[in-house]
Amino acid sequence: AEREKRANLRLITRSLMNPGKGILAIDESTKSLAKRLEKFGISNSRGKRREFYQLMVGTPRLQDYVSGVILSDENSQFHANGGQTMVKYLTDRGIIPGIKADQGLMMMEQSLENHARGIETVAKRLRQAYETGFRFAKWRAAFEIASEKPGFFAVEQNAEELATFAKESQLAGLVPVVEVDISMSGDHTIEKSAEVAARVLAQVFEKLEQRHIDLAGCLLKCNMIASGLGAEYQATPNEVGIAT
C-alpha cells in the first residue's frame with residue numbers, strides 16, 4: 001500500500017499540472033480574509049466565510065480551468081451546498097483537494113526573521129489529511145529582502161523545514177507543494193531579487209536532495225523575480241519575465 005501511494009505521487013503531480021489549468025489557493029488566514037470582506041462591508045462571520053468559499057468552489061465548469069484547490073484548516077471543515085464536505089465536493093468534480101500544512105508565520109528566536117509554525121506535528125497531520133481525502137499539501141516559507149535579510153540562519157532553517165515537510169508529505173502519500181515566497185515589499189532592485197531567490201532555492205534543493213525527495217512527485221511554488229514595490233526603477237513585465 002505504501003509503494004502504491006508513492007507511485008501515485010507522480011500521477012497526481014502530472015494531473016495538477018494539466019495544460020491550461022491552474023491551482024486555486026483559498027487557504028488564506030481568517031485575518032487576511034477579514035480585511036477583504038470588511039472592505040465591502042461584509043461581516044467576517046463563519047457563515048459569511050462559508051458562503052464566500054462556496055461561491056468560488058461552486059463556480060460553473062470550475063473543473064475545466066482548475067486542477068486543484070488548496071484549502072485551509074477552517075474551510076476544509078465547511079460543508080458545500082448540498083451537505084457534502086468540501087473535499088468530497090471537489091473530488092466529485094474531478095478537482096484534486098489540497099491542504100495548507102504550515103500553521104502560519106512566527107518570529108524565530110535566533111534571528112528577527114520568520115519561519116512557519118507546525119513542523120513538530122506535521123507528520124501526523126499529513127497522514128490524517130490523506131485519510132480525509134486530500135492528495136497534496138503546501139508549506140510556505142516567507143523571506144524579506146533588506147540589508148541583512150534574509151540571513152544565513154533564516155534561509156537554513158526554512159529550507160530545513162520545507163524539506164522535512166516534503167519528506168513527510170511524500171511518506172503520507174501527498175504531493176508536497178514547496179512554496180518559497182520572497183516578499184515584494186522593499187526598495188530592492190530586480191537584480192537583488194534574482195540573487196536572493198537563487199540563494200534560497202539552491203539551499204532548498206540541496207536539502208530536498210539530502211532527503212531523497214522524488215522531484216517528479218513534488219511541486220515548487222515560487223514568486224516572480226521583480227523590483228521591490230518601493231524601488232525607484234520598476235522593471236518592465238518583459239524584464240520580470242526574463243529574470244524569472
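Among contacts in the protein chain between residues at least 6 apart in sequence, 74% join residues at least 24 apart, where contact means heavy atoms within 4.5 Å. The model is predicted: local features need pLDDT of at least 70 and side-chain atom pairs count only at pLDDT 80 or more, while totals for chains, interfaces and linings use all residues. Residues are numbered from 1 along each chain as its sequence is written, and side-chain values use heavy atoms, with hydrogens and water left out.

The overall dimensions come next. The C-alpha atoms of the protein chain fill a box of roughly 50 × 50 × 40 Å, taken along the principal axes. The protein chain has eight helices and eight strands; these are DSSP runs numbered from the N terminus, helices (H or I) having at least four residues and strands (E) at least two. The radius of gyration of the protein chain is 19 Å, close to the 18 Å from the globule rule for 244 residues, so the chain is as compact as a globular protein of that length. The radius is taken over C-alpha atoms, and the globule rule is 2.2 Å times the number of residues to the power 0.38.

How much of the protein chain is buried? Of its 244 residues, 44% count as buried. Buried means under 20% relative accessible area, exposed means over 50%, and partly exposed lies in between (1.4 Å probe, protein chains only). The accessible surface of the protein chain comes to about 13,000 Å², and 55% of this belongs to carbon and sulfur atoms. Accessible areas come from the Shrake-Rupley method with a 1.4 Å probe; for residues, only the protein chains shown count as cover.

The strands can be followed through one sheet. Strands of a sheet pair through backbone hydrogen bonds, either parallel or antiparallel. Here six strands form an open sheet in the order E1-E2-E3-E6-E7-E8, and the pairing is parallel. Two strands pair if DSSP finds at least two bridges between them. The edge strands are E1 (22–25) and E8, each pairing on one side only. Neighbouring strands of this sheet are turned by 25 degrees against each other on average, direction ignored. Axes here are lines fitted to C-alpha atoms, for helices over the stretch in contact, and angles run from 0 to 180 degrees between N-to-C directions.

Within the sheet, E2 and strand E3 (residues 96–100) run parallel and are joined by four bridges. Ile 70 stands opposite Gly 98 in E3. Helix H7 packs on the sheet, where it touches strand E6 (136–143), strand E7 (175–182) and E8. The direction of H7 makes about 150 degrees with that of E7.

Side chains of opposite charge can pair when their charged atoms come close. How many salt bridges does a search of the whole structure find? The search finds 17, a salt bridge being a side-chain nitrogen of Lys or Arg within 4 Å of a carboxyl oxygen of Asp or Glu. One of them joins the side chains of Arg 46 and Glu 74 (3.5 Å, N to O). This pair links distant parts of the chain, 28 residues apart: Arg 46 is in helix H3 (residues 46–57), and Glu 74 is in the loop between strand E2 (66–71) and helix H4 (86–92). Arg 46 is partly exposed, with a relative accessible area of 43%, whereas Glu 74 is buried at 19%.

Glu 74 also meets Arg 49 in a salt bridge (2.6 Å, N to O). Arg 49 lies in helix H3, 25 residues from Glu 74. Both Glu 74 and Arg 49 are buried.

Another salt bridge joins the side chains of Glu 160 and Arg 211 (2.4 Å, N to O). These residues are 51 apart, with Glu 160 in helix H6 (residues 152–172) and Arg 211 in the loop between helix H7 (190–210) and strand E8 (219–222). Glu 160 is partly exposed, with a relative accessible area of 29%. Salt bridges that share partners join Asp 27, Lys 138, Glu 179 and Lys 221 into one network.

Some backbone details lie in loops. The peptide bond from Lys 149 to Pro 150 is cis, with omega near -5 degrees, and Pro 150 lies in the loop between E6 and H6. His 212 has a positive phi of about 55 degrees although it is not a glycine. His 212 is in the loop between H7 and E8 and counts as exposed at 66% relative accessibility.
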